[in-house]
Amino acid sequence: MMRRRLPAIAKAAAWCVAALAASLAGCASGRYSPGGVPAGASRDEVLRVMGPPTATFTMPDGRERLEYNRMPAGKQTFMIDLDAGGHMAHWENVLDESHFAAIVAGMRREDVLRLIGPPTFTARYALPAPGITWLYRFETIQRCLLFEVSFDVATGKVLDGDYPPDPGCADNAAR
């Protein structure tokens, strides 16, 4: 009896794996990723494929940046930079350690938003001085970490950044 059921179980498992792979492939393209936007696409084409951005920014050189964040549950924020003619110059997921490293003490909140978008969640603290912390979930090999950037409440400028454990992670809940 077990021998007859084994092929059926194997077929069901293979179907589940194929369905999961197709589902994940769908997440990597289309409305979840700018990968479906052709290089050099016009702003209108970007909007047709991606939908409305979650924010738009004017970059220091005057060009436009479109933000597509997947917060609060997602771990990606895509930024699409348009060239002077309004065509897609490039896109990237900005929630990674190379972008986090570009955040330095004294940077303004607006600059952080333009660089990596809004946080997953925020927290306030009172000591050593009143401040606010923006916390970002992101994809990383090290499980259960967040990126945290702390701001001085009075100036709105970055104090520092860190990588604390994610309190919402099951691996950290027992600690």
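Thr58 pairs with Glu64 of strand β2, its bridge partner there. That pairing belongs to the contact between β1 and β2, two antiparallel strands joined by 4 bridges. This is a predicted model, so please hear every value as computed from it. Between β1 and β2 the hairpin has 5 residues, and Gly62 in this hairpin has a positive phi near 90°.

Moving along from β2. This strand is joined to β3 by 5 bridges, and the two run antiparallel. Asn69 has Thr77 of β3 as its bridge partner. How much of β2 is buried? The count is 5 of its 6 residues, so the strand is largely enclosed by the rest of the structure.

Next, β3, residues 77-82, and its other side. Here 5 bridges connect β3 with β4, again antiparallel. Met79 has its bridge partner in β4, and that partner is Glu92.

Put together, these strands make an open sheet of 4, in the order β1-β2-β3-β4, with antiparallel pairing. Which strands stand at the edges? They are β1, residues 55-58, and β4, residues 88-93; each has a single partner strand, so one side of each has no neighbour in the sheet. Direction ignored, neighbouring strands are turned by 20° against each other on average.

Two helices pack on this sheet. Helix α2, residues 43-50, touches β1, β2, β3 and β4, and its direction makes about 5° with that of β2. Helix α4, residues 109-116, touches β1, β2 and β3. The direction of α4 makes about 90° with that of β3.

Asp81 sits in strand β3. Is Asp81 buried or exposed? Its relative accessibility is 13%, and the cut-off for buried is under 20%, so Asp81 counts as buried. Setting aside neighbours within four places in sequence, Asp81 is in contact with Glu64, Arg65, His87, Met88, Ala89 and His90. Glu64, the residue I started with as the partner of Thr58, is 17 residues from Asp81 along the chain, with 6.1 Å between the C-alpha atoms.

Asp83 lies in the loop between β3 and β4. At 28% relative accessibility, it counts as partly exposed. Outside four places in sequence, the contacts of Asp83 are Arg63 and Ala89. Arg63 is 20 residues away from Asp83 in sequence, and the C-alpha atoms are 6.2 Å apart.

On to the later part of the chain. Strands β7 and β8 run antiparallel and are joined by 4 bridges. Phe151 stands opposite Val158 of β8. The hairpin of β7 and β8 has 5 residues between its strands, and Gly156 takes a positive phi near 75° in it.

The largest nonpolar core has 19 residues. Those with the most contacts inside it are Ile103, Val112, Ile116, Tyr136, Phe147 and Val149. Which elements give two or more residues to this core? They are α4, β6 and β7. Take Val149 as one of these residues: beyond four places in sequence, it touches Ile103, Ile132, Thr133, Trp134, Tyr136, Val158, Asp160 and Gly161. There is also a second, separate core of 11 residues, including Val37, Val46, Phe78 and Ile80.

For those who care about cysteines: a search of the whole structure finds 1 disulfide. Cys144 and Cys169 form it, with sulfur atoms 1.7 Å apart. The pair links distant parts of the chain, 25 residues apart. Cys144 is in the loop between β6, residues 131-137, and β7, residues 146-152. Cys169 is in the loop between β8, residues 158-162, and α5, residues 170-173. Cys144 and Cys169 are buried.

Last, confidence. The mean pLDDT of the protein is 82, and 79% of the residues reach 70 or more. Where is the pLDDT below 50? Over residues 1-30, a stretch that has 5 contacts in the model beyond near neighbours in sequence.

Methods
Residues are numbered from 1 along each chain as its sequence is written. This is a predicted model: local features need pLDDT of at least 70, side-chain atom pairs count only at pLDDT 80 or more; totals for chains, interfaces and linings use all residues. Side-chain values use heavy atoms; hydrogens and water are left out. pLDDT is the predictor's confidence in each residue, from 0 to 100. Contact means heavy atoms within 4.5 Å. Two strands pair if DSSP finds at least two bridges between them. Axes are lines fitted to C-alpha atoms, for helices over the stretch in contact, and angles run from 0 to 180 degrees between N-to-C directions. A disulfide is a pair of cysteine sulfur atoms within 2.5 Å. Buried means under 20% relative accessible area, exposed over 50%, partly exposed in between (1.4 Å probe, protein chains only). A nonpolar core is a set of buried Ala, Val, Leu, Ile, Met, Phe, Trp, Tyr and Cys residues joined through side-chain atoms within 4.5 Å.
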